[in-house]
Every structure is written in structure tokens, then in C-alpha cells.
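Trainee: Before we discuss this structure, could you take me through the terms one at a time and set each value against its definition?

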Amino acid sequence: MILKACIFDLDGVIVDTAKYHYLAWKKLAEQLEIPFTETDNERLKGVSRMDSLEIILELGHKKLNEDLKKKYAAQKNTWYTDHIKRMTPDEILPGSLEFIHELRNAGIRVAIGSASKNTPLILERVGIKGLFDAVADGNSVEKAKPDPEVFLKAAELIGVDPANCVVFEDAAAGIQAALNAGMKCIGVGATEVLGKAHFVIPGLREMNLEKLEILEREILL
Ligand code: B16
Ligand code: MG
């Protein structure tokens, strides 16, 4: 491959918003009297809002009609965005800014590919709205990861062939989405969960342009 673009997932790669999702889903689960743990929350990473609610209802063996599902998803989002609105630039995960600036200086395009409909709010709160050449998120696509739509959309927006893109992702559903898009994929997190990725790193602090070029030659070709 010839690397021309890097597409970054947002939650879990550039910021740690999983903890805020957990607090909001936990509150909803308590209201619905459904036991919900941090381990259960792992299953929601990278999964869309409505699919996340389905998983929680399944944990509680509960069935709700569509109107109630929409109501509860909206309630969760209000609690979640109460946390997001208070986010600050120091919540950007270590190494992310340095790496993205390095890519930009080398002429490599950078984009966001996130399932979250709150992407614009998060980028604005942590002060990196203008850092990306394009943003594809839950507002611009219909199909959730592992469908490749969000990453293909990001590639289209920056005008780069999917075969020349590398995705950085923290969720198994996102890794599968990147592979389905015909892109290379670097997992960010634990190898046990992200084993399908071409390579796994613990966090972006562990990545720089030189390492990426070595990976490109040795693994991603
Ligand atoms: P929202 P990502 C995902 O973001 C989160 O990992 C996932 O937990 C969440 O349910 C999903 O966004 C939808 O988020 O409710 O804000 O639209 O990891 O794809 O950046
Ligand atoms: Mg994620």
C-alpha cells in the first residue's frame, strides 16, 4: 500500500468518552431495573446508540415498543451530553495531537470515522474541530459499524482510495468495519479484543510517523 490517509475513530482513540457513556447507560439501566456492569459496557464500544440500548434490554430480558426505545435513548443522550458539555482539551488522550500534527506536516490526510452523533460537540469541546480534513460520523451515515459506511464516507470526503487508508480503532465492531471497507487497520487497546486488526498498539502515544512507515513496509503492504 501507499499510505495517503489516516482515519481515526473518536471515542476510545482520541478521547475517553466510554466512561461518560457508561455513567449515562448505568443510570438508565437502574431506572429500568436492569443489572449493568463496566464489563457489560465493553460490548457497547463502537456500537450505535440504538444498538447499545438493544444490548442493555437483552441483558434485562426486556422488550419495549419503538416509541419507548426512542424515549429512553433520548434520555440517555441527555445525561451523556451533560458530561460531554463539560469536557476540556486536557481530556485528549496522550500522543494523539502530536501524531496527527506529524501526519499533517507529512502531507498525509487525516479524518474522523466515528459512530457518534455527538462527534461535532466532542470535537468542539476538546478544541480540535479544525484539525481534521474531514469528519464522517453518526450524523452522516445510516449503517452502524461493522458496516464499512462511515470509513468509506471519510475516504470519499478526503478523496483517497480506501486501499490507501489506515484506520485507528478501539472496538471490535470498528476493526471489522475497517476490514470490510478494504482498509488497513491498527487496533488501539487490548490484543485479546482487537486481534483481527493488522497490528495493535496500547494507545496513540505508542505511534509516530516513523513507526507507521515501518509498519507499512513490514505488515500493512
Ligand atoms: P452517540 P466511536 C461510538 O463512538 C461509541 O464508541 C459508542 O459507545 C456509542 O454508542 C456510539 O459512538 C454512538 O454514540 O450516542 O454519541 O451517537 O467509538 O465510533 O467514536
Ligand atoms: Mg471507539
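Mentor: Domain bounds come from an automatic or database domain assignment, and on that basis the protein is divided into domain 1 (5-16 + 91-218) and domain 2 (18-84). This is a predicted model, in which local features need pLDDT of at least 70 and side-chain atom pairs count only at pLDDT 80 or more, while totals for chains, interfaces and linings use all residues. Residues are numbered from 1 along each chain as its sequence is written, and side-chain values use heavy atoms, with hydrogens and water left out.

Trainee: What makes ligand 1 lie between the domains?

Mentor: Domain 1 and domain 2 both give residues to the shell around ligand 1, so the ligand lies between them. That shell has 18 residues, Val47, Ser114, Ser116, Lys117 and Asn118 being the closest, where a residue counts if one of its heavy atoms lies within 4 Å of the molecule.

Trainee: Why is the pair formed by Ala115 and ligand 1 called a polar contact?

Mentor: A polar contact is a pair of N or O atoms within 3.5 Å. A polar backbone atom of Ala115 is 2.7 Å from an oxygen atom of ligand 1, so the pair meets that definition. A polar backbone atom of Leu10 is 3.3 Å from an oxygen atom of the ligand, and for a polar side-chain atom of Ser52 the distance to an oxygen atom of ligand 1 is 3.5 Å.

Conventions:
Chains are lettered from A and ligands numbered from 1 in the order in which they are written. A polar contact is a pair of N or O atoms within 3.5 Å; within protein, one must be able to donate a hydrogen and the other to accept it, and residues adjacent in sequence count only if both atoms are side-chain atoms.
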